[in-house]
Amino acid sequence: MKKVITLVFLVTFGFVNAQEAFKGKGDIKVNVGANLQDGGSGIQGSVDFGLGENFSFGFVANYILGFDNFNGFYHGSTNPYYDAEPDFSDRFDAKARINANLSSVIGVKELDVYPGLSLGLHNFGAHVGGRYFFTDGFGVFTEIGFPIAKYGSNNDPFYHLNNQATFSLGASFNL
């Protein structure tokens, strides 16, 4: 029972003392968290720079740490794969992105909802995310990303790792 009371207190304290999630021009947000997708999971880091009241640009990078090895024939290939692992280029992705920060539009200053577009090493895509700040410097984020146009050919068993829908969640920091 003590743990439940402590948790309720912390959540209530966090919501009561919540801070503004996106301030506009000059604002810098850094997100660090887990990246989850089919066939692999890893880490994600991003930084966003405020350009105006509702607009920001930034960069995001993902690296897949855990993945499913591949065994068998891929897309009718005559060369079998035996316990194949993705190489660095299949595991890493970096993107430049733009966001429309909607906290002032929706009227909740503690919550920043941000849809956007990204251009990366593996695809052109879109994302939608949200950040909630408990204090002036610390909050949480979650984000869903998906490709719109993929680069390259589908002749590698790990092509899908950075060319599919991803889900990310973690900590957000205000610099």
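Student: What share of the contacts in the protein with a separation of 6 or more comes from residues 24 or more positions apart?

Tutor: That share is 57%. A contact here means heavy atoms within 4.5 Å. Before going on: this is a predicted model, where local features need pLDDT of at least 70, side-chain atom pairs count only at pLDDT 80 or more, and totals for chains, interfaces and linings use all residues. Residues are numbered from 1 along each chain as its sequence is written, and side-chain values use heavy atoms, leaving out hydrogens and water.

Student: Why is His-127 called buried?

Tutor: Buried means under 20% relative accessible area, exposed means over 50%, and partly exposed lies in between, using a 1.4 Å probe and protein chains only. His-127 comes in at 5%, so it counts as buried. Across the 175 residues of the protein, 39% get that label.

Student: What makes the link between the side chains of His-127 and Asn-99 a polar contact?

Tutor: You need a pair of N or O atoms within 3.5 Å; within protein, one must be able to donate a hydrogen and the other to accept it, and residues adjacent in sequence count only if both atoms are side-chain atoms. The two side chains are joined at 2.6 Å, so the pair passes the distance cut-off.

Student: Which residues does His-127 touch, leaving out those up to four places away in sequence?

Tutor: Among them are Arg-97, Asn-99, Tyr-114, Leu-117 and Glu-143. His-127 itself sits in strand E8, residues 123–133. Strands are DSSP runs of E with at least two residues, helices are runs of H or I with at least four, and both are numbered from the N terminus. The protein has three helices and 10 strands.

Student: How do you know that strands E1 and E2 pair?

Tutor: Pairing takes at least two bridges found by DSSP. E1 (residues 28–37) and E2 (residues 40–52) share 10, so they qualify, in the antiparallel sense. Within that pairing, Lys-29 stands opposite Asp-48 in E2.

Student: What does Val-30 contact, setting aside neighbours within four places in sequence?

Tutor: Val-30, which is in strand E1, contacts Ser-46, Val-47, Ala-171, Ser-172, Phe-173 and Leu-175. Its C-alpha atom is 9.9 Å from that of Phe-141, 111 residues apart along the chain.
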